[in-house]
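Biologist: I'd like to learn how to read a few features off a model. Could you put one up and walk me through it?

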Amino acid sequence: MIKFILLSLFIFNKSFSEMPLIPLIPATPIEYEEKKDEGIVKRKLEKNSSLMVKLQCDVIVPLEIVSDIDIKALIIEEEDLEIPFDIEFNKIPEHNKNYKLHFSETKIDIDKDGTVDTEIFYSKNLNKQKISDNYVKITGKNISQEGTHKKKIYITVEVDD
């Protein structure tokens, strides 16, 4: 037990010895010297007081998307699909500001053959916390390569000036 206490004291002292020292602010007024042409003049602080003030401030929380969207679809031959998805925000958007969604891509060539086969349609009206009239339209006849295709699209909220 004594070895454990000594070991813990050693570790405790070792961790404090490596911390940098923080300079302290003097609690009492000090004299300071001012150099003039004739010599050194000492000046003393005339008044030292503390002022207590009540302070209030407004904190603005930005509008953020809090939902992850993961869309999986199986396309058979030349089938066209419309897949709805929801976007949820951290709060209800304020009516005095105009927010808009920005997608990194809205027209996507998922199989990289040069033909746009996937499009994202989204709501321009952001006045609720959960926007549910968004959808992804996949045109099956434009997909030329079979297999699994993955694509990441980034969505951000921008303030419309």
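Modeller: Let's start with T139: at 14% relative accessibility, T139 counts as buried, since buried means under 20% relative accessible area, exposed over 50% and partly exposed in between (1.4 Å probe, protein chains only). Bear in mind that this is a predicted model, where local features need pLDDT of at least 70 and side-chain atom pairs count only at pLDDT 80 or more, while totals for chains, interfaces and linings use all residues. Residues are numbered from 1 along each chain as its sequence is written, and side-chain values use heavy atoms, with hydrogens and water left out.

Biologist: Which residues is T139 in contact with, leaving aside its neighbours within four places in sequence?

Modeller: Contact means heavy atoms within 4.5 Å. With those neighbours set aside, T139 touches E79, D80 and D117.

Biologist: Where is T139 found among the strands?

Modeller: Helices (H or I, at least four residues) and strands (E, at least two) are DSSP runs, numbered from the N terminus. T139 belongs to strand β7, residues 130-139. D80 stands opposite T139.

Biologist: And in what order do the 4 strands of the open sheet come?

Modeller: Two strands pair if DSSP finds at least two bridges between them. Here the order is β3-β7-β6-β5, with antiparallel pairing. β3 (80-88) and β5 (107-108) are at the edges with a single partner strand each, so one side of each has no neighbour in the sheet. Between β3 and β7, which run antiparallel, there are 8 bridges.

Biologist: Now the rings. How many aromatic pairs does the structure hold?

Modeller: Rings of Phe, Tyr and Trp (its six-membered ring) pair if their centres lie within 6.5 Å; planes under 30 degrees apart count as stacked, over 60 as edge-to-face and the rest as tilted. The structure has 2 such pairs. One is F103 with Y122, tilted, at 4.6 Å centre to centre and 40 degrees between the planes. That pair links distant parts of the chain, 19 residues apart: F103 is in strand β4 (residues 99-103), and Y122 is in the loop between β6 (118-121) and β7.

Biologist: What about F121 and Y135?

Modeller: They form a stacked pair, 5.0 Å centre to centre with 25 degrees between the planes. F121 in strand β6 and Y135 in strand β7 are 14 residues apart, so this pair too links distant parts of the chain. F121 is partly exposed at 31%, and Y135 is partly exposed at 28%.
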